[in-house]
Amino acid sequence: MGVQDVLSRKTGVIVGDDVRRLFDYAQEKGFAIPAINVTSSSTVVAALEAARDSKAPIILQVSQGGAAFFAGKGVDNKNQEASIAGAIAFAHYARSLAPSYNIPVVLHSDHCAKKLLPWLDGMLDADEAYYKIHGEPLFSSHMIDLSEEDHADNIAETKRYFQRAAKMNQWLEMEIGITGGEEDGVDNTGVDSSRLYTQPEEVFAVYEALAPISPNFSIAAAFGNVHGVYKPGNVRLHPELLGKHQVYAKEQTKSSKKHPLYLVFHGGSGSEQSDFDTAIKNGVVKVNVDTDCQYAYLTGIRDYILNKKDYLMSSVGNPDGEDKPNKKYFDPRVWVREGEKTMSAKITTNLKIFHNVNTL
C-alpha cells in the first residue's frame with residue numbers, strides 16, 4: 001500500500017480532502033513531504049523530476065517574490081499585481097505539466113505577511129474563479145503568516161481567511177511564533193529569541209479557532225527555525241518541543257489520533273538529520289526547502305560555465321578552431337539544464353532525508 005492507494009486523484013495536482021489524506025498517510029508511515037520553492041518553469045521541472053524518479057509526492061510552492069519573478073522582473077508589482085499574475089501562471093503551468101510526471105503534487109503559496117495580504121487576496125480571487133468552473137480551487141493550499149502580529153490578531157485574521165478558503169475545501173497553513181532570518185523582504189534577524197519558540201497553549205489556541213471550520217489546516221509552530229543556511233551551532237533547533245504540542249492537543253481534545261496536529265518545519269535548509277527525524281516523529285508533514293535548492297541550481301550552471309569557458313567567449317571560435325561554432329555550448333537549453341540536474345539531485349537527497357522515497 002502506498003500514497004496513491006489513499007488518494008482519489010492518483011497523479012497531478014491534488015486538492016481538498018486528498019491533501020489531508022496525504023498528510024495522514026505521511027504521519028502514519030513516518031515521512032514528510034518537501035515543499036520546494038520554485039521561481040520558473042525550469043525549477044518546477046527540476047522538482048517534479050526528482051519526485052518522479054524517487055516515486056514520491058511533492059509540494060511546489062511560490063513565495064511572493066518568487067511569484068513576481070515568475071511573471072518577469074519587468075512587470076510592475078504595484079498592488080502585488082506581478083506577484084498575483086506570476087502565482088496564477090505558476091499554478092496553471094504546474095497543473096498542465098504535473099500529470100506527465102505521474103506523481104501527486106500539492107500547489108502551495110509560501111509566507112504571506114500582513115503587508116502582503118493583497119497578494120493572497122488576488123490568489124484567492126483566482127481560486128474562487130477556478131472553483132466556479134472546475135469545482136476545486138486553483139491552488140491546493142496557501143500560507144498566511146501573521147506571526148509578527150499579536151497572537152490574538154494573528155489567529156483572528158487567519159480564521160477569517162480560513163473561512164473563505166474552507167468554502168472551497170482548500171488547505172491553509174499558518175504560522176504561530178516567528179521563523180528567524182530574512183526572506184522576501186521580511187527581516188526577522190533581530191527578533192527576540194523567545195519568540196522563536198512557540199508554547200503548546202499558543203499552538204492549541206490556533207487549533208481551537210480553526211478546527212470548527214475545517215480539519216484542513218496545518219501549523220508552522222516555531223522551534224528555533226531560521227531561514228537560510230548557517231554554520232553548525234549557530235541555529236538552535238528544538239524539534240522535541242513539537243511533541244509537547246501534540247501531547248497537549250491530544251489531552252485537550254481527547255483525540256484518538258497519535259498526532260492531532262499537522263505541523264510544518266520551516267527553514268529546513270542546512271538542518272541536521274536528527275532534527276528532521278525528531279520533527280517527523282512528532283507529526284511534521286511538510287518541510288520547506290529553499291536556500292539549499294537555490295545554491296544547488298547555481299552549482300550546475302556555475303560549473304558548466306567554468307568548464308566550458310573557452311567555448312563561451314564568442315559565438316564562433318574555440319580551442320578546436322577559429323571557425324568552429326559554439327552554439328551547442330551557449331544554447332540556454334544546455335546550461336540551464338545543468339542547473340536543473342543539480343537542483344534535482346539536491347531534492348532527491350532531501351527526499352531520502354525525509355524518508356520519502358518509494359512512498360507512492
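This is a predicted model: local features need pLDDT of at least 70, side-chain atom pairs count only at pLDDT 80 or more; totals for chains, interfaces and linings use all residues.
Residues are numbered from 1 along each chain as its sequence is written, and side-chain values use heavy atoms, with hydrogens and water left out.

**Entry 1: D145 and E175.** I placed D145 in the loop between strand 5 (141-144) and helix 7 (151-166). E175 sits in strand 6 (residues 171-176). Helices (H or I, at least four residues) and strands (E, at least two) are DSSP runs, numbered from the N terminus.

I then checked burial. Buried means under 20% relative accessible area, exposed over 50%, and partly exposed in between (1.4 Å probe, protein chains only). D145 is buried at 11%. E175 is buried at 1%.

Next came contacts, meaning heavy atoms within 4.5 Å. I left aside neighbours within four places in sequence. D145 is in contact with H111, C112, A113, K114 and E175. For E175, the contacts include H111, D145, N154 and H266.

Entry 2: I found H111 in the loop between strand 4 (104-109) and helix 6 (117-134). Is H111 buried or exposed? H111 is buried, at 12% relative accessible area. Its side chain makes a polar contact with the side chain of D145, at 2.6 Å. A polar contact is a pair of N or O atoms within 3.5 Å; within protein, one must be able to donate a hydrogen and the other to accept it, and residues adjacent in sequence count only if both atoms are side-chain atoms.

**Entry 3: S109.** I stepped back to S109, which lies in strand 4. S109 is buried, at 1% relative accessibility. Beyond four places in sequence, S109 touches V62, W119, M123, F139, S141, H142 and M143.

**Entry 4: cores.** A nonpolar core is a set of buried Ala, Val, Leu, Ile, Met, Phe, Trp, Tyr and Cys residues joined through side-chain atoms within 4.5 Å. The largest one has 77 residues, and I58, L60, F90 and I219 touch the most other members. A second, separate core of 16 residues includes L7, L22, Y262 and V285.

**Entry 5: helix 8 and F217.** Which residues of helix 8 (residues 200-210) are buried? I listed P200, V203, F204, V206, A209 and L210. Their cover includes helix 7, strand 6, strand 9 (217-221) and helix 9 (240-253). I followed strand 9 to F217. F217 is buried, at 5% relative accessibility. Not counting residues up to four places away in sequence, F217 touches F162, W171, L172, Y207, L210, A211 and Y262. F217 and V19 are 198 residues apart in sequence and 9.9 Å apart in space, C-alpha to C-alpha.

**Entry 6: salt bridges.** How many salt bridges does a search of the whole structure find? It finds 19. A salt bridge is a side-chain nitrogen of Lys or Arg within 4 Å of a carboxyl oxygen of Asp or Glu.

I looked at R164 and D121, whose side chains meet at 3.9 Å, N to O. The pair links distant parts of the chain: R164 is in helix 7 and D121 in helix 6, 43 residues apart. R164 is partly exposed at 22%, and D121 is partly exposed at 25%.

K346 forms a salt bridge with D292, with the closest N and O atoms 3.9 Å apart. This pair also links distant parts of the chain, K346 in helix 13 (residues 332-353) and D292 in helix 11 (residues 291-307), 54 residues apart. K346 is partly exposed at 25%, whereas D292 is buried at 17%.

D331 and R333 meet in a salt bridge at 2.7 Å, N to O. D331 is buried at 11%, but R333 is exposed at 67%. Salt bridges that share partners join D121, D125, E128 and R164 into one network.

**Entry 7: a hairpin.** Strand 12 (residues 316-318) and strand 13 (residues 321-325) pair in the antiparallel sense over 2 bridges. Pairing requires that DSSP finds at least two bridges between the strands. The two strands form a hairpin with 2 residues between them.
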